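Biologist: I would like a close look at one part of this protein, and then to hear how the rest is arranged. Please give the cut-offs as you go.

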Amino acid sequence: MTQSLVEIKQLCVHFPIFKGLMRKQVGAVEAVDQLSFDVLRGETLGLVGESGCGKSTTGRALLRLIDATSGSIKLNLQDSTNNSSTTVDITALGKGQMRPHRPQVQMIFQDPQACLNPRMTVASIIREPLDEHSKLSKSEKHAKVLQLLDDVGLNPSFANRYPHEFSGGQRQRIGIARALALSPQFIVCDEPIAALDVSIQAQVVNLLKDLQEKKGLTYLFISHDLSMVRHIATRVAVMYLGSIVELGPSEQLYKDPKHPYTQALLSAVPVANPAIEKTRQRTLLTGDVPSPANPPSGCRFSTRCPVAKEQCKTERPAWRELQDGRYIACHFAD
């Protein structure tokens, strides 16, 4: 059985709402609520869902870029020097205690232009993590930077150029090189292809897959593009209003979705065959997504679910495992 690299239990990230001159808290935005899942070592776990459902917040919480309100995030890290492993709950660590573990968890951001300092050269951008967390000499850092540029398919002679001199796809490759600088075990890819042209998206995804095979990386791949997630992900988690409603192997989930929201989400993906597309039935959801500051009681999808019953409005479904091995949060799916 594959070992879990990241174990998330009952993770909640709530942002307080303040009002008035005294800044009194009157509520909270439940951006992430009671998430429980594992990321297996060496896999790519796809995280999909509508805009505003909490995908990016989940990714940032797993790296402690934002603090969790409650729950636990455990990292099962391997030390290649002495072939040992350690388990650490990063939600219990202070900022100083978290610092030694940061090289093992990195992030590739959505906007390749906004995440690169326009005043720094490419070499300086990629070398910055090495300056902060390694004891390499100046010549060793320079050699590492050139090697990383070559690994992501960029000419090492570009090292002294600035981000504005590159295209969007090239800037994203620079961001990937920076994320790889410290040889991490776990990388959160926060919609890394959303700001790129379609022709460039495939190149970046193929690069991520090649790097995963060469370096044994583990990805959490956050995306709106369900077709691309199917191409790259080993397993897929479907998120709605701060909660995961279904998680299972990629092909299994795409061929036979169990949760009503997953069915609706996949029915919106167009099929390339015109004959199939013309006769295909779609699941149309009524109403708007509720506010995470005032989520529905019971099942969070109950206000839009086409098969909801009275139980769904009062009782929150348990996160349970089905006979085929996938996980689901629904009273009636089987």
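How many bridges join E1 to E2, and do these strands run parallel or antiparallel?

Modeller: Twelve bridges join E1 to E2, and the two strands run antiparallel. The model is a predicted one, in which local features need pLDDT of at least 70 and side-chain atom pairs count only at pLDDT 80 or more, while totals for chains, interfaces and linings use all residues. Residues are numbered from 1 along each chain as its sequence is written, and side-chain values use heavy atoms, with hydrogens and water left out.

Strands and helices here are DSSP runs numbered from the N terminus, a strand (E) having at least two residues and a helix (H or I) at least four. Two strands are taken as paired if DSSP finds at least two bridges between them.

Contact means heavy atoms within 4.5 Å.

Cys-12 is in strand E1 and counts as buried because its relative accessibility is 8%; buried means under 20% relative accessible area, exposed over 50% and partly exposed in between, with a 1.4 Å probe and protein chains only. Leaving aside neighbours within four places in sequence, Cys-12 is in contact with Val-32, Asp-33, Gln-34, Ala-68, Thr-69 and Ser-70. Cys-12 lies 30 Å from Lys-255, C-alpha to C-alpha, and the two are 243 residues apart in sequence.

Helix H9 comes next. Seven of the eight residues of H9 are buried, so the helix is mostly covered. Among the buried residues of H9 are Pro-260, Ala-264 and Leu-265. The buried residues of H9 pack against strand E3 (44-49), helix H7 (226-232), strand E9 (235-240), strand E10 (243-249) and helix H8 (250-255). Thr-262 is found in H9 and is buried at a relative accessible area of 1%. Beyond its neighbours within four places in sequence, Thr-262 touches Val-238, Val-245, Glu-246, Leu-253 and Pro-257.

The structure holds five aromatic pairs, where rings of Phe, Tyr and Trp (its six-membered ring) pair if their centres lie within 6.5 Å, planes under 30 degrees apart being stacked, over 60 edge-to-face and the rest tilted. The rings of Tyr-261 and Phe-301 have centres 5.4 Å apart and planes at 65 degrees, so that pair is edge-to-face. It links distant parts of the chain, with Tyr-261 in H9 (residues 260-267) and Phe-301, 40 residues away, in the loop between H10 (274-279) and H11 (310-314). Both Tyr-261 and Phe-301 are buried. Ring pairs link these two and Tyr-240 into a cluster.

Trp-319 and Tyr-327 form a stacked pair, 5.9 Å centre to centre with 20 degrees between the planes. Trp-319 is partly exposed at a relative accessible area of 30%, and Tyr-327 is partly exposed at 30% relative accessibility. Elsewhere, the charged end of Lys-309 sits over the ring of Phe-332, 4.8 Å from its centre; this label requires NZ of Lys or CZ of Arg within 6 Å of the ring centre and within 35 degrees of the ring normal.

Eleven of the 13 residues of H5 are buried, so the helix is largely enclosed by the rest of the structure. Those buried residues include Arg-171, Arg-173 and Arg-178. They pack against strand E6 (105-108), helix H3 (122-133), helix H4 (138-151), strand E7 (186-190) and helix H6 (198-215). The end C-alpha atoms of H5 are 19 Å apart, which agrees with the 18 Å that its 13 residues should span, the expected span being 1.5 Å times one less than the number of residues.
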